[in-house]
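Subject: Structure handover

Hi,

Please load it first, then read the notes below.

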Amino acid sequence: MIEISLEYWNKLANQIILICSLLTGFTIAVIANIVVSKIESKIVNRILRFATLAACLFLISMFGMTKILMMTTEGFPFEVSNDKITFPRIISTLSFFFGIISLLVVIALSGFTKSKKLGRFTLIVGILTLILILWMAI
């Protein structure tokens with residue numbers, strides 16, 4: 001197996017932190033709008049649950065990647081190896097991808113709040129987006 005350099009992990013963590021912070025802000029805005037809207041339906045409750053899950057997963061990923069960023073930055077006071085960043089790397093990566101999936105569920109379900117026709121459209125767009133994201137990640 002190829003060992004990835006700590007410098008690469010530093011740059012990657014920096015990018016993931018940026019992406020997660022933007023997506024967290026977006027999902028928190030969705031949560032705030034749903035809470036304020038006073039709409040009570042099964043679909044809105046599911047959207048709220050998945051938006052909350054997405055925000056929490058992005059936060060977990062952001063803090064895990066912050067740990068990696070700090071450990072791989074020049075001047076870190078302790079010895080660092082790839083083995084020491086394995087756990088935060090795995091948790092952060094899984095949280096990031098599950099956060100994306102949760103956010104795509106929010107997008108896919110959002111159209112059903114208006115009509116079945118719009119719901120089918122957003123569902124198809126969400127599924128296609130998931131497929132393309134998974135394709136790009138491989």
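The structure holds zero disulfides, a disulfide being a pair of cysteine sulfur atoms within 2.5 Å. C20 has 0% relative accessibility and counts as buried. C56, at 39%, counts as partly exposed. Here buried means under 20% relative accessible area, exposed over 50%, and partly exposed in between, with a 1.4 Å probe and protein chains only.

First, the ground rules. This is a predicted model: local features need pLDDT of at least 70, side-chain atom pairs count only at pLDDT 80 or more, and totals for chains, interfaces and linings use all residues. Residues are numbered from 1 along each chain as its sequence is written, and side-chain values use heavy atoms, with hydrogens and water left out.

Overall fold. The protein has four helices and zero strands. Helices (H or I, at least four residues) and strands (E, at least two) are DSSP runs, numbered from the N terminus. The C-alpha trace spans about 55 × 30 × 20 Å along its principal axes. Of the 138 residues, 33% are buried.

Helix α4. G119, T122 and G126 are buried in α4. They lie on the same side of the helix, because they cover an arc of only 65° around the axis. The arc is taken from the directions from the helix axis to the C-beta atoms. The face turned away from the buried side carries the exposed residues K117, F121, I124, W135 and M136.

Largest pocket. Its space is about 250 Å³. A pocket is an open set of points on a 1 Å grid over the protein atoms alone, where a 1.4 Å probe fits, with protein on both sides within 12 Å along at least five of seven lines; lining residues have an atom within 4 Å of a point. The volume is the space filled by probe spheres set on the points, which are joined across faces, edges and corners. The pocket is lined by 13 residues, and I34, V44, I47, S110 and T113 lie nearest its centre. α1 (6–37), α2 (42–71) and α3 (86–110) each supply at least two lining residues.

Best wishes
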